[in-house]
Amino acid sequence: MGALNDLEGFGQAVWLDFVDRKFLEAGGLQKLVDEDGLTGVTSNPSIFEKAMGHGDAYDSTLAKYDEENPGAATIDRYEHLAIQDIKAAAETLKPVYDKLDAKDGYVSLEVSPYISDDTDATIAEAKKLWAAVDRPNLMIKIPGTLAGGPAISSTIASGINVNVTLLFALDAYIRVAEAYAAGLEERVKQGQPIDKIASVASFFVSRIDSSIDKEIDARLEKGDAEAEALRAVRGKVAIANAKMAYQWYLDFLKSDRWQALAAKGAQPQRLLWASTGVKDPSYPDTLYIDTLIGKDTVNTMPPKTMDAFRDHGTAAETITQDVEGAKHTLAEAERLGLDLNGVTGKLVEEGVASFVKAFDDLLGSIAKKQPATA
């Protein structure tokens, strides 16, 4: 039992932000479940690009698929590979799902980043992937764009679990939390059960600091008159932003709207801290775990960050600590003109663009393995 196991005592679930065929086949995921209390897995186009686009781990599976499906489109060939990995991860996590009565044990598969601004296409793809994987502990990842909101409601109403991704701003998070509630309400109207429907809201962390800190450093280099105040908020804005999102979540749980759903067995949409790998070497490598621990939260960690926390992380309820300090940090950021709203808006666009590029690269790698035609 180590530090990762200790997080459960504070109500935080540990998920792995990584999927890879060799890792799954070698029992790496099962080991994390058994030894570290891991209860979930997330994937995205960048993760699959690293897994499938390099090496030969998927070549034999792809060759067999091509033999059985001559002339198949590259996107179908990718989905075949991805769905196999997701099914394998879901099988490993199924005992966790059963033990926790559908409250955890999930693996996430993302809709195509090409359709992030198309509500109808997102809904259709969510249903297609849900049917293809055919596992109750699957979550379909839908980006928290403006088009994503109604897609989330519709998908939840259809009985499909949703992981809302690419959330940076508080107002965007509120929008998708309300979309989740609306989906549950629609399902209640249809006379359908809601107690086994689950969702997480993936709130990205480190990328905010990376962007804000870059602006701070540029101003410090120019000898900004507010140097002391700028240094005081460096590396603190993302955590403060996440803490305020959690405060909104706690208030929402007390609302009449949520209480009506809870009375029918609704599960809260947990906040999931994503992008928790530290990018600035001057910060502790467990910074975005140590500071964001609390009830009904998830931290999805890349393997390197998970190893670091297992080795020297500190488990304590921190997400509710010094909320006034978090408010002060955000107020100072605004006073200093660091434009958090502008930063988070840009990060959504950049996040979608980075997933599109990763998907382009991934499909390009798979296309190169296309069998020669006679």
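K369 is partly exposed, with a relative accessible area of 30% (partly exposed is the range between buried, under 20%, and exposed, over 50%, using a 1.4 Å probe and protein chains only).

Before going on, some ground rules: this is a predicted model, where local features need pLDDT of at least 70, side-chain atom pairs count only at pLDDT 80 or more, and totals for chains, interfaces and linings use all residues. Residues are numbered from 1 along each chain as its sequence is written, and side-chain values use heavy atoms, leaving out hydrogens and water.

K369 sits in the segment after α17 (helices are DSSP runs of H or I with at least four residues, strands are E runs of at least two, both numbered from the N terminus). Not counting residues up to four places away in sequence, K369 touches M52, G55, D59, L62, D66 and R77, where contact means heavy atoms within 4.5 Å.

R77 also turns up in the α6 side of the packing with α17, together with T74, I75, Y78 and L81; across from them are F359, L362, L363, I366 and A367.

Now hop over to N161, in the loop between α8 (148-157) and β5 (162-167). N161 is buried, at a relative accessible area of 2%. Its side chain reaches the backbone oxygen of P136 at 3.0 Å, and a polar atom of that side chain also lies 3.0 Å from the backbone oxygen of L138. Beyond its neighbours within four places in sequence, N161 is in contact with residues including Y106, W130 and K196.

Key. A polar contact is a pair of N or O atoms within 3.5 Å; within protein, one must be able to donate a hydrogen and the other to accept it, and residues adjacent in sequence count only if both atoms are side-chain atoms.
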